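Please consult both while reading the points below.

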Amino acid sequence: MRKNVFGKPEDCNQVLLHACCAPCSSAIVEWLVQHDVRPTIFYYNPNIWPREEYEIRKNESKRHAESLGLTWIDGDYDHDQWRQDVCGLEDEPERGRRCEQCFTLRLTVAARKAKELGLRYFTTTLASSRWKSLEQIERAGHLAEQAVPDTIFWAQNWRKGGLYERRNQLLKEFDFYNQQYCGCEFSFRQKNISTKEEAE
């Protein structure tokens, strides 16, 4: 299947966008709309901790989608199940096996939602973060499409083409809440350890 220079599949005019948060979604959503692709935003992030943090990020994502007249879907928040799914990987470093397992779990649910909605393509805002491994995200996306027949993972580096810089502009324009860690309690603890070490 041919793609244009931006990576957009030529037959794609709708996509399910798995969204981790509003700041990471903003420039991607803008790009998609500008290129005649209508995103359905799927907020599915049971990894986020604590619940209060999850709700803040969720509400910001919903606010952003509604301001643009886009469909926004709330996935289930089952943090206890997520903890079971990553059991044994708690001490993995960032970009380690826990992260890849987390990506695979979330993108598989996203693929199922895309199929349920009759959408062939799904992609993720996870690939906009410079703190995450694009290789892990791509592997996770392809595992998800293999697990859910008739879906295609649109693997895209959403950091390029000025999108990361545009993200920072939109963050200010929308006055988004800007989180300071990935989302799970393990990344939160590792961030705090790093911050403490830098201060010492």
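Leaving aside its neighbours within four places in sequence, with which residues is I48 in contact? They are C20, Y43, E53, Y54, R57, Y77, H79 and G183, where contact means heavy atoms within 4.5 Å. This is a predicted model, in which local features need pLDDT of at least 70 and side-chain atom pairs count only at pLDDT 80 or more, while totals for chains, interfaces and linings use all residues. Residues are numbered from 1 along each chain as its sequence is written, and side-chain values use heavy atoms, with hydrogens and water left out.

**The loop between β2 and α2**
- I48 lies in the loop between β2 (38–43) and α2; helices (H or I, at least four residues) and strands (E, at least two) are DSSP runs, numbered from the N terminus.
- With a relative accessible area of 2%, I48 is buried; buried means under 20% relative accessible area, exposed over 50% and partly exposed in between (1.4 Å probe, protein chains only).
- I48 and L117 are 69 residues apart along the chain, and their C-alpha atoms are separated by 25 Å.
- P50 is placed in the loop between β2 and α2, and the peptide bond joining W49 and P50 is cis, with omega about -5 degrees.

**Nonpolar cores**
- The largest nonpolar core has 45 residues, of which V15, L16, L32, I41, F122, W154 and W158 touch the most other members; such a core is a set of buried Ala, Val, Leu, Ile, Met, Phe, Trp, Tyr and Cys residues joined through side-chain atoms within 4.5 Å.
- A second, separate core of five residues includes W82, V86, C102 and F186.

**Helices**
- The 21 residues of helix α4 (residues 97–117) should span 30 Å at 1.5 Å a residue, and this agrees with its end C-alpha atoms, which are 30 Å apart; the expected span is 1.5 Å times one less than the number of residues.
- G118, which follows α4, has a positive phi near 80 degrees.
- Helix α1 (residues 22–34) packs against helix α2 (residues 51–67) at an angle of about 20 degrees, with axes 9 Å apart.
- That contact is made by A22, S25, S26 and V29 of α1 and by E60, S61 and H64 of α2.

**Positive phi outside glycine**
- D150, in the loop between α5 (134–147) and β5 (152–153), has a positive phi near 70 degrees and is exposed at 64% relative accessibility.
- D175, in the loop between α6 (163–174) and α7 (185–199), has a positive phi near 55 degrees and is exposed, with a relative accessible area of 62%.

Terms used
Axes are lines fitted to C-alpha atoms, for helices over the stretch in contact, and angles run from 0 to 180 degrees between N-to-C directions.
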